[in-house]
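Student: I'd like a close look at one part of this protein, please. Could you walk me through it slowly?

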Amino acid sequence: MCWSEQSLAVCSGPISLNVTPVFRVGESLPVTCEVVGRLPAGCHTPHLRLRLNGETLNATGRGLISATIPGSNHTRANVSCSLHCPGQAPVLCEEGLRGGDAPTPPEELMCFRLGMNAAMNCTWRPSRGGLLPTQYHLHLQQSSSDLRVISTGQTSVQVQREQLKMSHRYRVWVTANNSLGERRSQTIQFKIETIVWLEAPSGLRKDEADSRSLGIVWKNPTSVRMFSELCVELGYRQAGTAHWKKVAEQDLGENSEHYALEELLPFTGYELRIRCRQKEANERLWSHWSPVVTAWTEEDSPLGKLDVWIVPRQPGASGGNITVIWKRLPEARARGRISYYTVWYQSPDGPHLLTLTMCCTHTLPTTISLFNITAKNSQGSTEPARLSLNTGLPAAEGVRMEMLNGSVWVSWLCGGGVLEYVLDWRPLVSGSNNSFNWRKIPAQNMSITVTLGEDEMLPFTAYNLSVHTLYHQGLGQPVSSLIYTRQAAPVSSPRLMVRNVMQTWAMLGWEELPLADQRGFVVNYTLYLGTSPSPPPLAPVMRMSSDSRQFVLTDLTPATSYYVWITASTRVGEGPRGRALRFDTQESQNFLLLISVIFIIFLVIFITAACVHKRTRSLTAKLLPQWCCQRIPDASNSKAAITQTRLAVAVAVDVLQTPGLELEPVIAEVEETELEEITTPLTPDPSPEGLYWSKPPSESTAQPVITSTVTYGYEKHFLPNPEDLIYD
């Protein structure tokens, strides 16, 4: 057990508690308690008791007791001893304990100066015995007899320049100690002129270069050349990358100020940085890195050939041109700045050669049968990318497309004579951010996987994916299919409409969802029916296949308002229901039939009453006087009288308006005569008109009676029928 300090127990009365206040974590600790003074008056049978953190230890006695506290990982504890006398308050003595470990040796001791005339600073990594207060002591020894010790509670010490001598070798070490022990660091040796922390070399730049190498020069600091040789470290990396490469010190040489980097990539930017230190200094005394400088290698001839293809025409498109498209060369293959492209093509009127400065599309006539394209920089050109446009050759066989989560796997059977397979895809949604793209596959490969990120495809977007065969003579027919790299539930609902409604059924129709809203292959449609617009029903009425466009709802209640919703679903999930569509069923057929029967009954009753009334009039006309049954028209309603009156007025007006005409008033003589009593009864006129009564002619003076009557529609309305005439 480590007894490092005297007990500082706080006691009252005649008892003493003996325990080490600082202990090593994990080790057991002995503790004793005894009576050392005079007992209180009346205490004839004293009793001692030990407690640890409030819990009684298995130790009791009268004059002296002892116990061992078992080891634990606790760093804090409280031990107490109490004296108990019958009938009196206990006397208490207690001690607080603190646990920890001995310090570890200080590490990474380093001394440096920030200039030739600056003070010396020494730093180290703190010990790991942090549970207890730790004290550090820096030992600076110039010779066996000259030793200085500097104490501090920190992890660094500064020694003034005046206390140090040039060209003298110093030995330095650090000790760390606490209540449980002491540890010592490794010893370092140096001269103060070799521990100066230098500035970074300056003037780093490219001196000369070609397509594979870079010549680099710089300036080393001059303040320490007379005291020590310099070590230089050069770092470089390709622009845009994270990992730095280093040139070995032995390759650079001592005090070197130039170097040539070899085996670099053509027309590539490289980032450069450099630092230095004194050769005899601590390896941790490297200067700061210089500012990063970027230098480029020279151009070289481009490699390979362009990836060229044609944009397939949209269905129904017309025109006399085709669009040729190619991909920009990667920097590793371009190996320089592409200045222009040359396009050669063969048409019926002969070969043609074009020079293009723009990338990466051009329009050519549809009459061409062959073309090739090359890219050129200042050092050379690529191989010609040749493409024959003759069509009608065999298509790829056994094409299969399997849609995975985030990718599409495409496979086919190997065909004879095929140079390459071309897989292209185009989004079918207008306004999509990504556009037409393609990939070429060697003839020996029979499958490929198209992924979201690598091939710039968007999720939840419909693509037309086609597999083409490329022969030396031309192109095969494409094999196409609609694909999704990733599916989701639709974002809207189909447009619903009511086509016909009857009493107990209704025919509904809907339109196909816009392709941009489908977000996957629609597998079914679902109808929901309710009698209230809110909330929508949870149970579906019917699920229909994706090719359905109408449905008939049956078993409806007549004269009822219904609300219907429709949703579209993909294999991922169901889309929203949208707004409800309302329709009303017609009235019941039984009600209409009842109305029809009542109408027919009233019609029969009316006709029967009319017939009975007419028959009753015929019978009563024979029994009643003539004046009761005769129907005489009103002359004021006669069209003939009105017309004759208007005609007479018009003639009179014309006569009065005749110039030079003087009218003499005519004096009429009136002769009074007596009326002769008519005793002969009148007989009806047998003429077809038969509408007037006249005096029957005598046998001697019988003269034909000429009557002229004019009848109109109004008079005919009141004229009696022959059977209605009454004869005496």
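In which sense do strand 3 and strand 9 pair, and over how many bridges?

Tutor: A word on the model before we zoom in. It is a predicted one, where local features need pLDDT of at least 70, side-chain atom pairs count only at pLDDT 80 or more, and totals for chains, interfaces and linings use all residues. Numbering starts from 1 along each chain as its sequence is written, and side-chain values use heavy atoms, with hydrogens and water left out.

Now to your strands. Strand 3 (residues 22–24) and strand 9 (residues 91–100) pair in the parallel sense, over three bridges. Strands here are DSSP runs of E with at least two residues, helices are runs of H or I with at least four, and both are numbered from the N terminus. Two strands count as paired if DSSP finds at least two bridges between them. To find the spot on screen, go to F23, which sits opposite G99 of strand 9.

Strand 9 has another partner, too. Strand 8 (residues 76–84) runs antiparallel to strand 9, and eight bridges join the two. Strands 8 and 9 make a hairpin with six residues between the strands, and in it G87 takes a positive phi near 80°. If you're following side chains along any of these, remember that in a regular strand they alternate between the two faces of the sheet.

For comparison, have a look further along the chain. Four strands form an open sheet in the order 35-34-37-38, with antiparallel pairing. Its edges are strand 35 (437–442) and strand 38 (479–483), each of which pairs on one side only. On average, neighbouring strands of this sheet are turned by 20° against each other, direction ignored; the angle is taken between axes, which are lines fitted to C-alpha atoms (for helices, over the stretch in contact), with N-to-C directions giving values from 0 to 180 degrees. Strand 37 (residues 463–470) is joined to strand 38 by five bridges, again antiparallel, and Y463 stands opposite I483 of strand 38.

Finally, the whole chain for context. The protein chain has seven helices and 47 strands. Of its 728 residues, 35% count as buried, where buried means under 20% relative accessible area, exposed over 50%, and partly exposed in between (1.4 Å probe, protein chains only).
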